[in-house]
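Hello,

Here is the structure you will be working with. Please open it and keep it in view while you read my notes below.

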Amino acid sequence: MPNSKDLLKKMTLEEKAALCTGASSWTTTPVERLGVPELSVSDGPHGLRHVLDANDLIAKSVPATCFPTASCMASTWDVELIHALGQSLAEECLAQKVNVILGPGANMKRTPLGGRNFEYYSEDPYLAGQMAASFITGVQSKGVGTSLKHFAANNQEFQRLTISSEMDERTLREIYLPAFETAVKQAQPWTVMCAYNKLNGTYCSENYKLLVDILKNEWGFEGFVVSDWGAVHDRVASLKGGLDLEMPGPKDQRVKEVVNAVRAGALDESILDESVRRILNIVFKAADTKTGGSFDAASHHALARRIAAEGMVLLKNNGILPLKDQQHLAVIGHAAEEAHFQGGGSSHVNPTRVDNPFVELKKIAGDSELTFTAGYQAGTAFDQPLIEAAVNNARSADVALLYIALPDSMESEGYDRPDLDLTPQQVALIKAVCAAQPKTVVILNNGSPLVMGEWIEGPAAILEAWMMGQAGGGAIADVLYGKVNPCGRLAETYPLRLVDTPAHINFPGGNGQVRYGEGIFIGYRYYDAKQVAVQFPFGYGMSYTTFAYSNPRVSASSFKDVDGLTISVDVTNTGKLPGKEVVQVYVHDQKAGLVRPPKELKGFAKLALQPGETRTVTLALDFRAFAYYHPSYQQWITENGEFDLLVGASSADIRCVQTVTLQSTLELPCLLDRESTLREWLADPRGKRAFEPFFQQMGPQMQATFGGDEGEGVGMDVMDSLMDMPVLGILHFLDKSIPMSPEEMVDDLLRQVKKNIRAEAGLQNS
Ligand code: BGC
């Protein structure tokens, strides 16, 4: 790899500015004179959307494997499978001479209405971070780059190009950033794509705090930041904000703006140089990989089928599944004939082939008779005769398989969903078919949750088959017939009603802003805290076998935060079929200085077990598993105390609990000042030490002033309410009995605290 420092020196100002602006819709600007090649990028994330004409954004792309979308990927809870998917994507990139695939998406599913939720993993930052990191390491292990997107707080499509996501620091750090943080720290994506939206009033494309302070400096991101397509508003401001490459190009005007700004002294050339250095590093890294050749479409299709089957979630089953000897199957639903397997927008892949669900079912169903009726049309039209034909079909069969897909246009980049409902025709169809045929299985294709209250009682079984990718038709048959024992688990909560969802009264915002009023309480964090009943909880999914958990144990019952600990549990397959279980570990902080969610996912493992087999799962929990972000300290902190480790099969199905004691090793800065309350003084060990002698001295006086007749005259416990009064305020009530002014007194105490801190640090005489 040529030395980018040397190259930088040889580049003219114009060449440097040009390198930071795309040459086409999908390529960077080469510098032929110096042997700097172009870099080619194409959309992902669940398949390659490689458009041959570099100046066309939306033309039909070359055929590529359409894998299941991120909702399904995350529901596999299988990091190795996602790694394998990443490797296959890379092979397709290499074949098409694409250097960087634009994915994965690591944004949180703040509301199930988000139009691009199908492209995102989860409502939980830990799970999303693990998925994104595996995806990236998979792709990059083959010498192809990724673009982790959309950084950050890109959680809706309404006014997506301009809206400001408004949230407090703790919410940002604990919910909206950690998936990115994990992916960057564990996997070093070659590029990170900034989001279109603003974060707290500043465009992400110009957001120094986000792109420089946090991403590059705090997390150590080594690659370059690329704009989302068209996300740059002010090129010079964006360079200053840490945005290295603007896409798409060409944009001569932008190049001129940068050149002029440097010449006029409005942009420090070293800022431009830093962006150039970052881009050059990646351009040459990419050039090290040999591209071209072909990929094995059949094996990628097979992998897509495996991932789809492993991600499908069995939501309900009264025993009808797996299918066995049914002679006559009524196959109902447009989606049985025309697979619904991906969403709309820039992630839309031109598949190498598509499995027809009906045909695939027939292959596995052997001699059984299959009769098809459409049940509903592709769109939203209401068509009673189609329902009647479906009912007749269902009634005459042993079992009805109802393939229900949300209409194609419902879930897409560019707009959010209006509701969580199936179409009126589909609801009526499910009800009518279930009334005529109790042995009905509903198979769903959608990218994010549906509400089911109106019809959930009807079917004997419900399979969530997601946007299942091009091979999903076969995967459905695999699961229905038990060739694959269902082992997907929900990566997001299915609410009972849209109005129950955490962001409901703060979504989608307006007047240019969306307020993240629910704060850190999204997904199960919210439903748990509010004790709101849900349809299906986070982490939930059924199997054709059963699992028992036993013998939970921890490596230490008392531990230092920096050491972390491990928790182990034995899991036994207690049923008759081989199957896979997803063991989930949640952490509950018994007592914290700030409010925390009742539980948070901090570890998981998927394991395959034969009937009767027992295996031990051991999961490591580190500092961050116990920490929370403290906005006053501006850092992740731990606190001494008890934590419950909850091991379960879903967020609502906890099988065993271990309680451990954490010793914090942090030495936090002292935040006491003139405004600090009595409670704050006593909570800070150094404050307490300084305050106590004073307290002893003043105690009787305080008791006389505030505790006299135990507050009878005002009907309250005055002493108790003093705890949240600033010490300065208390002193003002006592000023007659103190030797100096209250202000001097507090300053004296603060000086004492400082002295103690210096003494502790051995700095007394320095
Ligand atoms: C999307 C990105 C995508 C880019 C290029 C944008 O509109 O938000 O996810 O990678 O277009 O197609």
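A polar side-chain atom of Lys149 sits 3.0 Å from an oxygen atom of the ligand. That is a polar contact, meaning a pair of N or O atoms within 3.5 Å; within protein, one must be able to donate a hydrogen and the other to accept it, and residues adjacent in sequence count only if both atoms are side-chain atoms. Tyr196 has a side-chain N or O atom 2.8 Å from a ligand oxygen. For Glu413, the distance from a side-chain N or O atom to an oxygen of the ligand is 2.9 Å. On its own the ligand has 320 Å² of accessible area, and the protein covers 94% of that (Shrake-Rupley method, 1.4 Å probe; for residues, only the protein chains shown count as cover).

A word on the source. This is a predicted model: local features need pLDDT of at least 70, side-chain atom pairs count only at pLDDT 80 or more, and totals for chains, interfaces and linings use all residues. Residues are numbered from 1 along each chain as its sequence is written, and side-chain values use heavy atoms, leaving out hydrogens and water.

Now look at Ser75. Is Ser75 buried or exposed? Ser75 is buried, with a relative accessible area of 0% (buried means under 20%, exposed over 50%, partly exposed in between; 1.4 Å probe, protein chains only). The Ser75 side chain reaches the backbone oxygen of Ser71 at 2.7 Å. Beyond four places away in sequence, Ser75 touches residues including Glu310, Trp466 and Arg489 (contact means heavy atoms within 4.5 Å).

Best wishes
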